[in-house]
Amino acid sequence: MPTVDEAWSWVALPVQNLRTNVLERPNESSDQRREGFRTELASATREPIADELVTWLDELSDSDRNAILDTDERHNHVYAWLTEQLPPATQPAPATQQQPAYDETAWYAHLAENGSRWDGTEPSWTAFRDWFLYYATDAGFGAPATQLLDYLHPMTAADRVSTLAQYGVTIQPPAQAAPAAELPVVTPVAQQIMDLGVTSIGLRSRRPG
């Protein structure tokens with residue numbers, strides 16, 4: 001379907017010539033003028049709007065039609081009619097707003113530095129996620145951070161740790177208490193030596209001075 005301005009470019013001259021024919025050939029019948037108008041429109045366009053314009057003028061009373069064609073405002077009348085039949089002139093589509101670009105190298109550095117602050121446990125995940133997203137957004141990495149966190153969220157804690165490792169993020173497990181030092185295993189031979197030592201000490205303690 002043509003726009004208003006396209007249709008106007010086709011019909012403006014035939015409309016002007018229709019008025020000119022009335023002035024220059026006053027003895028010409030209305031049927032002759034109509035046929036000449038239709039022929040000129042057909043040479044300008046094959047779009048149905050041309051026939052619809054002729055039909056619109058035909059359906060007007062003689063006084064209304066003459067009031068339109070005999071005035072300097074005829075172009076305005078015809079243009080107004082076109083605007084009721086056709087869409088307005090095509091306007092350029094607004095440019096799609098692009099997400100602000102970010103430096104991928106800087107993003108991965110931010111991820112490596114701050115992603116490792118998570119301790120790898122499920123209970124701490126929600127708090128870490130909120131903290132990480134806040135500071136990533138503040139640093140200009142809101143889009144990739146949201147995408148990554150949404151991807152990680154359904155996973156188990158262990159799967160998150162292994163996935164983050166693929167991004168160069170090393171997760172240290174929570175510090176645990178060092179296990180108690182194991183006592184040395186006492187062998188029978190060692191026990192005998194210990195017994196002899198004790199005996200020797202005991203014997204030496206009994207010797208007269």
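Reader: At what angle do the axes of α3 and helix α5 cross, and within what distance do they come?

Author: This is a predicted model, in which local features need pLDDT of at least 70 and side-chain atom pairs count only at pLDDT 80 or more, while totals for chains, interfaces and linings use all residues. Residues are numbered from 1 along each chain as its sequence is written, and side-chain values use heavy atoms, with hydrogens and water left out. The axes of α3 and α5 (residues 74-85) cross at roughly 120 degrees and come within 12 Å. Axes are lines fitted to C-alpha atoms over the stretch in contact, with angles from 0 to 180 degrees between N-to-C directions; helices are DSSP runs (H or I, at least four residues).

Reader: Why is α3 called oblique to α5?

Author: The angle is roughly 120 degrees. Angles under 35 degrees count as roughly parallel, over 145 as roughly antiparallel, 65 to 115 as roughly perpendicular and the rest as oblique. The angle of α3 to α5 therefore makes the pair oblique. The crossing of these two helices is right-handed, the near helix being turned clockwise from the far one by less than a right angle.

Reader: Which residues make the contact of α3 with α5, and how do they divide by class?

Author: From α3 come Ile49, Glu52, Leu53 and Trp56, which meet His77, Val78, Trp81, Leu82 and Gln85 in α5; contact means heavy atoms within 4.5 Å. Six of these residues are nonpolar, two polar and one charged. Ala, Val, Leu, Ile, Met, Phe, Trp, Tyr, Cys and Pro count as nonpolar, Asp, Glu, Lys and Arg as charged, and the others as polar.

Reader: What makes α2 and α3 roughly antiparallel?

Author: α2 and α3 pack at an angle of about 160 degrees, and their axes are 9 Å apart. That angle is why the pair is described as roughly antiparallel. α2 also passes α3 in a right-handed crossing. On the α2 side the contact is made by Arg34, Phe37, Arg38 and Leu41, and on the α3 side by Ala50, Asp51, Leu53, Val54, Leu57 and Asp58. By class, the residues of this contact are six nonpolar, no polar and four charged.

Reader: How do you know that α7 and α8 are roughly antiparallel?

Author: Helix α7 (residues 125-138) and helix α8 (residues 142-152) pack at an angle of about 165 degrees, with 8 Å between their axes. Helices α7 and α8 are therefore roughly antiparallel, and the crossing of α7 and α8 is right-handed. α7 contributes Trp125, Arg129, Phe132, Leu133, Ala136 and Thr137 to the contact, and α8 contributes Gly142, Ala145, Thr146, Leu149 and Leu152. Seven residues of that contact are nonpolar, three polar and one charged.

Reader: What volume does the largest cavity have, and what makes it a cavity rather than a pocket?

Author: About 40 Å³ of space lies in the largest cavity, and a search of the whole structure finds one cavity of 30 Å³ or more. On a 1 Å grid over the protein atoms alone, a cavity is a set of points where a 1.4 Å probe fits but cannot get out, whereas a pocket is an open set with protein on both sides within 12 Å along at least five of seven lines; lining residues have an atom within 4 Å of a point. The largest cavity is lined by Leu111, Gly115, Phe128, Phe132, Leu148, Leu149, Leu152 and Leu164. Helices α6, α7 and α8 each supply at least two residues of this lining, with α8 giving the most, three residues. Seven residues of the cavity lining are nonpolar, one is polar and none is charged.

Reader: Which helices line the largest pocket, and which residues are closest to its centre?

Author: The volume of the largest pocket is about 310 Å³. Among the 15 residues that line this pocket, Ser30, Arg33, Arg65, Asn66 and Leu69 are the closest to its centre. α1 (4-24), α2 (30-44), α3 (48-59) and α4 (62-69) each supply at least two lining residues, and the largest share, five residues, comes from α2. This lining has six nonpolar, two polar and seven charged residues.

Reader: What lines the second largest pocket?

Author: The second largest pocket, with a volume of about 160 Å³, is lined by Tyr102, Glu104, Trp107, Tyr108, Pro144, Gln147, Leu148, Tyr151 and Tyr167. Helices α6 (104-115) and α8 each supply at least two of the lining residues, and α8 gives the most, with four residues. Seven residues of this lining are nonpolar, one is polar and one charged.

Conventions
Points joined across faces, edges and corners; volume = space filled by probe spheres on them.
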